[in-house]
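Try each task yourself before reading its solution.

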Amino acid sequence: MDQLALLFIVLLGAVISVPVGDRLGLPAPVLMTLLGIVLAVLDFVPNVSIPPDLILPVLLPPLLYAAVRRTSWRQFAANKRPIFLLAVALVFVTTICVAAVAHSIVPGLPVAAAVALGALVAPPDPVAATAVAGQLGLPRRLVSILEGEGLFNDVTAIVLYHVAIAAAVSGTFSPWRAGLDLVLSAVVAVAVGVVLGWGANKLLSLLGDATLQIGLTLLVPYASYVLAEELHGSGVLAVLTTALFLAEYAADADDVMTRLAGHTVWDVVDTLVTGVAFGLIGLELHNAIRTASGRWGELLGWAGVVVAVVVFVRLLWLLPATWLTKRLHALRDYDEDIPTGWRETVVMWWSGMRGVASVALALAVPLRTDSGAPFPDRDEIVFIAFGVIIVTLVVQGLTLPWLVRRLRVRADTEHEKELEKQLATRAAKAAKRRLREIEEVEDLPEELSEQMLRRAFEIGLRISPRIGDEERQEAHEHRVRRLKRLRRIQGEMLSAARHEVLAARSEPGADPEIVDRVLRHLDVRSLR
């Protein structure tokens with residue numbers, strides 16, 4: 001088997017893991033990691049030979065962009081305190097604790113190398129956390145915090161990692177210089193993100209065509225990441241800023257086709273890239289096995305201690321952090337999402353799985369220092385990092401569904417339905433206001449005006465039947481049944497039309513381009 005065949009197997013696994021995970025009640029990223037582990041121990045499967053410096057630039061931008069599309073800047077702003085405590089403060093605390101423990105148990109491990117190890121295992125993976133949380137039906141407030149933590153903690157961890165690596169390679173370290181680099185990295189990244197977001201937004205409006213617009217959105221995350229890195233900024237923070245800018249300002253309410261097609265394309269990209277990323281985690285077991293040859297007991301012991309530090313530091317930090325956030329929330333009227341009890345805090349603790357960023361940073365540890373000497377204890381750092389990643393991702397990922405069921409942490413469906421009802425009411429009122437504006441400038445027949453008024457109410461009623469009284473709900477349900485029957489019949493008629501047009505495509509003298517154009521009209525008609 002060659003590398004290309006292995007890539008096709010991983011991509012196929014990425015597609016299949018989604019329905020299999022839904023049926024088994026397990027996260028697809030965890031299943032892909034298990035697939036990678038199985039492939040890694042097979043003799044005929046080759047070692048993965050991907051340059052470490054390409055893993056983050058290739059995999060992380062689309063994953064971050066896809067994750068940001070599901071949220072908004074206002075959601076981050078509303079949850080700034082819990083996100084700061086998790087994405088910034090907890091990353092620093094975890095890095096320090098892991099560095100202290102690793103420096104004390106691994107003979108000869110320098111402080112800078114230990115800090116690099118702490119930084120690369122500190123950030124929980126945003127893709128794994130959101131994939132698991134979304135599948136388990138957790139309360140929206142927990143999902144929001146996990147998304148915010150996962151998206152912003154990579155920024156902190158990667159900057160810490162680069163500072164520690166630079167100190168280990170050069171042999172010198174300046175706290176003031178490191179702090180300045182951190183600030184400059186963030187400023188450059190935000191500037192790049194805003195400028196690219198503004199430019200992409202203008203370009204999207206000029207392109208007009210849905211295909212070209214979606215193609216541009218596929219390029220923007222990579223452009224943002226690479227440009228920020230070239231200017232010595234944080235590529236991750238630049239991608240987040242660009243994505244948040246576009247999510248806030250690039251949305252056209254009337255551009256229905258682009259929005260539907262864009263969601264579909266990005267769902268496909270997200271599924272495939274996520275599968276490849278987590279499959280790569282399992283496949284990298286090759287390197288860990290080679291490193292541990294003849295030293296299994298020693299290395300497993302070190303990895304086990306670091307895993308315990310990573311897991312329990314998160315718990316010991318979450319308990320007071322949650323209490324503090326609740327206190328501040330009670331003292332000041334902030335509209336933010338916080339865990340409401342110890343059960344939700346435990347679920348948040350157990351959701352701290354490591355993943356793609358940790359793998360990329362571990363593999364990117366330099367082979368040599370500036371003096372030409374081997375990087376201190378590089379093999380040990382890589383093995384310990386993979387131990388943390390595999391244990392947290394597989395063990396926590398497989399047991400989190402059981403823990404959620406056991407603790408009975410579920411989303412408040414009644415609250416969600418109430419929010420849906422409020423939005424449906426606003427949509428119906430907006431439609432009625434627009435109808436009144438049209439009536440002021442156009443002379444509508446009374447019959448048409450009444451019909452449109454009913455249509456305006458039905459806009460909200462179709463979203464949430466709860467906005468109507470019992471009689472109206474029954475009438476709406478009757479119309480829905482009638483509409484379903486009409487759509488079924490119309491669907492069968494359109495299906496017959498499509499079959500006839502497709503059959504004409506293979507007839508002598510048929511022009512495939514004209515056939516496809518007619519077929520596209522029928523497909524669009526089927527969406528209405």
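**Exercise 1.** Which residues does Val276 touch, not counting residues up to four places away in sequence?

*Solution.* Begin by placing the residue: in this predicted model, Val276 belongs to helix H12, which covers residues 256–283. Next, list its contacts, leaving out residues up to four places away in sequence; Val276 then touches Val10, Leu11 and Leu59.

**Exercise 2.** Describe the protein chain as a whole, using secondary structure, burial, contacts and surface.

*Solution.* Start with the secondary structure, which consists of 21 helices and zero strands. Then turn to burial: of the 528 residues in the protein chain, 45% are buried. For the contacts, take those between residues at least 6 apart in sequence; 80% of them join residues at least 24 apart.

**Exercise 3.** Work out how helices H15 and H17 are arranged, parallel or antiparallel.

*Solution.* Two packed helices are described by the angle between their axes and the distance between the axes. Here H15 (residues 342–350) and H17 (residues 378–407) pack at about 170°, and their axes lie 10 Å apart. Since an angle over 145 degrees counts as roughly antiparallel, H15 is roughly antiparallel to H17. To see the contact itself, select Trp342, Arg343, Val346, Val347, Trp349 and Trp350 on the H15 side, and Val395, Gln396, Thr399, Leu400, Leu403, Val404 and Leu407 on the H17 side.

**Exercise 4.** Find the salt bridges and say where the partners sit along their helices.

*Solution.* Side chains of opposite charge can pair when their charged atoms come close. The structure holds two salt bridges.

- Take Glu437 and Arg434: their closest N and O atoms are 2.9 Å apart. Both residues lie in helix H18 (residues 413–441), three residues apart, which is about one turn of the helix. Glu437 is partly exposed at 42% relative accessibility, and Arg434 is also partly exposed, at 49%.
- Now take Glu492 and Arg488, whose side chains meet at 3.6 Å, N to O. These two are separated by about one helical turn because they are four residues apart in helix H20 (residues 470–505). Arg488 is partly exposed at 45% relative accessibility.

**Exercise 5.** Which residues make the nonpolar surface patch of about 430 Å²?

*Solution.* The patch is made by Leu12, Val15, Ile16, Val20 and Leu24. Of these, check Leu12, which is found in helix H1 (residues 3–24). Leu12 has a relative accessible area of 53%, so it is exposed.

Technical notes: Residues are numbered from 1 along each chain as its sequence is written. This is a predicted model: local features need pLDDT of at least 70, side-chain atom pairs count only at pLDDT 80 or more; totals for chains, interfaces and linings use all residues. Side-chain values use heavy atoms; hydrogens and water are left out. Patches are made of residues with over 30% relative accessible area and no salt bridge: like charges are joined within 9 Å, nonpolar side chains (Val, Leu, Ile, Met, Phe, Trp, Tyr) within 5 Å. Accessible areas come from the Shrake-Rupley method with a 1.4 Å probe; for residues, only the protein chains shown count as cover. A salt bridge is a side-chain nitrogen of Lys or Arg within 4 Å of a carboxyl oxygen of Asp or Glu. Buried means under 20% relative accessible area, exposed over 50%, partly exposed in between (1.4 Å probe, protein chains only). Axes are lines fitted to C-alpha atoms, for helices over the stretch in contact, and angles run from 0 to 180 degrees between N-to-C directions. Angles under 35 degrees count as roughly parallel, over 145 as roughly antiparallel, 65 to 115 as roughly perpendicular and the rest as oblique. Contact means heavy atoms within 4.5 Å.
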